[in-house]
Amino acid sequence: MVERGISKMSNLEVDVAVIGGGPAGLSAAISAKEHGAKQVVVIDRNSWFGGILPQCIHDGFGVEEMGISMTGPEYAESYIKIAKKKDVHLMHETMVLQFNNKKEITAVNREGLHKIKASAIVLAMGCREKTRWNAMIPGDRPSGIYTAGVAQALINLYNIMVGKNVVVLGSGDVGLIMARRLKFEGANVLGVLEILPYASGLPRNIVQCLDDYGIPLFLNHTITYIKGKERLESVIIAQVDEKMNNIPGTEKEIKCDTLLLSLGLIPENELSKNVGIEIDEITGGPVVNQFFETSLRGVFACGNCLQVYDTVDILSIDAKNAGQHAAEHAVSQKKKIHGYNKVTKIIPTKGIKYVIPQMVIKPGRVHFTLRVKKPGEASTLHIVNKDKEIFKKKLQCVTPANMVEFDVNISADIITSSENLEVELDG
Amino acid sequence: MGNRLIYLYHSRHSANQMKNFQVAIIGGGVIGSAIAWELSKYAVDVVVFEKGSDVASGASKANSGVIHSGINSVPSSLKARFCVKGNQMFQSLANELDFQVHWIGKYVIAKNEDEVKELERLREVGMKNKVPGLEIINEASVKAKEPNVACYAALWVPAAGIVEPYEFTIILAENAADNNVRFLLETKVIDLKKQKDCFIIKTNRGDFQAQFIVNAAGLNCREIVLMLEEPDFYVYPCRGEYLVLDKSYRSLIKSMIYPVPEKDIDVLGIHVTPTVEGNILLGPSADFIDDPDDKRTTKETMKLLFNEAKKIIPMLPNKAVINAFAGIRCKLASKKEGGWTDYRIEESKTTSGLINLLGIESPGLTAAPAIAKEVMQMVSQHIDLKCKKIFKPRKKGKRFSELSEREQAMLIKKDERWGRIVCRCEHVTEMEVIQALSNPLGAKTISSVKYRCRAGMGRCQGGFCTQHIIKIMENQFGMNINDIKMQSPDSNLFYGRTRDI
């Protein structure tokens, strides 16, 4: 898909360096070019660009963003083409080992070690999947347990069949899509288990991946035990109460050889943590201002390493903005576009899990994304500054699976007051 | 794979050479591997039968990794003798074989005045066993070194250290293999017959002959004896579960922290142990079980381990746990009997040529090099052991992530495969995976890669590297995907291709 990275390079100075060549990184890099950055490099550890997209062979990509439905590889290819046309420097099979607070990146590939000095860095490392041990499922340790994304890569990229009789734990989107994918390949998909009383994936995926293929969804269910000394032999499932404790007497053993885990995603921020960038405990991503800038000046974050997005479409739009701000920072570094003298913190309160950005440093129109804590009927979103409501929005019905987006005009008064903005949900 | 191993073997040696050995070791755990290594220094034909897909497949990989001092072993017992002697051998072994041993010491902590008496008793046992540097210190002195530990007083044991037990076992076995010891993996001994001057060893991979049998089968030691004579002992498997903490919590403690040993049963109690790699282990529990292969982890014990560890380190955070595993102790006494017996390291009185190593539980890792010397002595009474003229020292391995940037750049210049990172969490390169898969034992499972170069051991637990390792196995080692296993002979990972191309 991509030519070998340029050779014999050991020192490079660029305006913008993007770490991660998935949809977020490509989007940010293209946008950085469009906004005046001359030298833009994207560094990716895989031998391809597009991140997870090449293994997402189902369609639906691009609908919100471009009004057409593409497969993952098609969507990725469209971005890679633009990136190449715009002369974005793509370095593949290159692993960033670290970067420091002077924005000097150390990366390694087959050509050697590389030092890349950047005026601005965009973090776009994506996320990783939660494993069995994030959920601490007891029992034996057999083979046949895969995270849904690994199974997807093995089937779609490597043409390898992972199992015959399959149970899926977790109703995240990848899990739902893989339940259908395995059914297509002739596996017996015994069901999808979800510990919550509602599905974690998008409602359309419940219909298109499970209902249409007669795959049962068991809400309020979890796996309490894994059996199998060598290959997986069975799982014990049980119903849970509202506190997620197992209800005694509801245990059932299901014979299976494969367990797919779709337990959620963790933003990858080992590089960010190493350099001391502040991390939001809830999102798992860096704390950012409205310009997607992290606590380290000139370092921006976007994509799934910032927060786990619902769809790649919304992710790409946000990443474009991050790329733009990175370019602006790089080009006019010395002009001080924005300072940190006044910071207004955005605090999620009643009913809200998190809000991004976590802080606002300049007046103007600010784009927010948030997630609610629990599913609910029609409700109202309020933003309050010193007991004064500055924004209100009616929401039809809310669920944690659907990210909420909205724009708010933030006045200069609010910024100068340095008082927090509180975001809450009622109804 | 096993078939291939035998095939490869045939191609290099005549059938006769292959089937006849002077010494056959049953079991490729730390004891079997240490004996193999010891004997590999001498001109003697040795074979090791291991039923698992790699060495260190049982208790040798699932323990605390502690080099014990000898404060817990009854004076003048074999346990005390081999533990203290083994402890003294570790540093020079580490120098010779290039593995890490960290002499971080341990605190046995008393929670009240009553338990201080127990510390005094341990100190006395230790002094009888000639353990150096023992010292009972007050809470303030402990706090000065270990601010996160809650206690009333503690016994400081400077002579205790840590190693990675699987790494140690693998290194012993591989260096032995480099010096012509034959390791036959996935080879299970099914039956033994004693003939006049040799044993006929029946395995799932054909029959072999040997003059001496070393029974280092661990939990299966009784089964092996039973093939030749009526055993005068039983094995009582006792499971110990562990929790593993993420590396980001490594600074919680510097030394090992043990409670005073349990009263009713001979185990050391649930302790907190740093590992050489920078994780922290909580455990082990102690549950007598019927099935020696039952390495399950349980919800109840996970809770128990965490709660017990929290008594030692009150600020232990909930989300620190990233993994759980279990190992099985080979005890020769039941729970009712208190679980204590001494090691039995002896030649059978009824079957000459059968050397039995029975009940080798903790401190077996520590004792392994000393036991190996002892077995070598026993063998030398029957076979004239002559030192080999040429003994190949261990080729020192390199870890990309531990090298300086200069060294890293130089390696990549030499071979570009040093520049391709395959495991993102532990920064393991393609070259290291290839070296791991080229091991002289012929072990080629996903776990054998993991335990040799750490690919797959990090936070994502193989999410990124599994696909790359599989590709390397297929493309560079000609393996069929249906033969790729996780860690044991029947732990296949895949069911063929989704379609033929």
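Trainee: Where in chain A does pLDDT stay under 50?

Mentor: That would be residues 1-9 of chain A. This is a predicted model, and for that stretch it has 15 contacts beyond four places in sequence.

Trainee: And what does chain A average for pLDDT?

Mentor: The average for chain A is 93, and 96% of the residues score at least 70.

Trainee: Good to know. Let's go inside, then: how many residues does the largest nonpolar core have?

Mentor: It has 151 residues. Those with the most contacts inside that core are Val16(A), Ala17(A), Val18(A), Ala28(A), Val122(A), Ala124(A) and Cys302(A).

Trainee: Pick one for me to click on. What does Ala28(A) touch?

Mentor: Leaving out residues up to four places away in sequence, Ala28(A) touches Val18(A), Val122(A), Ala124(A) and Cys302(A), among others. Its list also includes Ala319(A), Lys320(A), Ala322(A), Gly323(A) and Ala326(A).

Trainee: Which residues are in the second, separate core?

Mentor: That core has 132 residues, and Val48(B), Ala62(B), Leu282(B) and Leu358(B) are among them.

Trainee: Switching to the two chains together: how many residues are in contact between chain A and chain B?

Mentor: On chain A there are 37, and they are in contact with 42 residues of chain B.

Trainee: Is Lys103(A) buried or exposed?

Mentor: Lys103(A) counts as buried because it has 20 C-beta neighbours inside 10 Å.

Trainee: Which residue in chain B has a positive phi although it is not a glycine?

Mentor: Take a look at Ser76(B), with a phi of about 65 degrees. Ser76(B) is in the loop between β3 (66-67) and α4 (78-97) of chain B. With 11 C-beta neighbours inside 10 Å, Ser76(B) counts as exposed.

Trainee: While we're on backbone geometry, where are the cis peptide bonds in chain B?

Mentor: One runs from Gly283(B) to Pro284(B), with omega near 0 degrees. Pro284(B) is in the loop between β15 (280-283) and β16 (287-288) of chain B. Another cis bond joins Ser362(B) to Pro363(B), and Pro363(B) sits in the loop between β19 (354-358) and α10 (364-380) of chain B.

Trainee: Zooming out, what does the secondary structure of chain B come to?

Mentor: There are 14 helices and 21 strands in chain B. Its C-alpha atoms fill a box of roughly 70 × 60 × 45 Å along the principal axes, and buried residues make up 53% of its 501 residues.

Trainee: How does its radius of gyration sit with a compact globule?

Mentor: The two agree: chain B has 23 Å, and a compact globule with 501 residues would have a value near 23 Å.

Trainee: And which domains is chain B divided into?

Mentor: Domain 1 is 2-59 + 166-232 + 341-380, domain 2 is 102-161 + 235-331, and domain 3 is 400-483. The centres of domain 1 and domain 3 of chain B are separated by 30 Å, taken over C-alpha atoms. Their contact takes twelve residues from domain 1 of chain B and ten residues from domain 3 of chain B. On the domain 1 side, the largest share is six residues from helix α7 of chain B, residues 165-178.

How values were computed. Residues numbered from 1 in each chain as written. Chains lettered and ligands numbered in written order. Predicted model: local features only at pLDDT ≥ 70, side-chain atom pairs only at ≥ 80, totals over all residues. pLDDT = per-residue confidence, 0-100. Contact = placed C-beta atoms within 7 Å. Core = buried A, V, L, I, M, F, W, Y, C linked by C-beta atoms within 7 Å. Buried ≥ 20, exposed ≤ 12 C-beta atoms within 10 Å, placed from the backbone. Helix = DSSP H or I, 4+ residues; strand = E, 2+ residues; numbered from the N terminus. Rg over C-alpha atoms; globule rule 2.2 N^0.38 Å. Domains from an automatic or database assignment.
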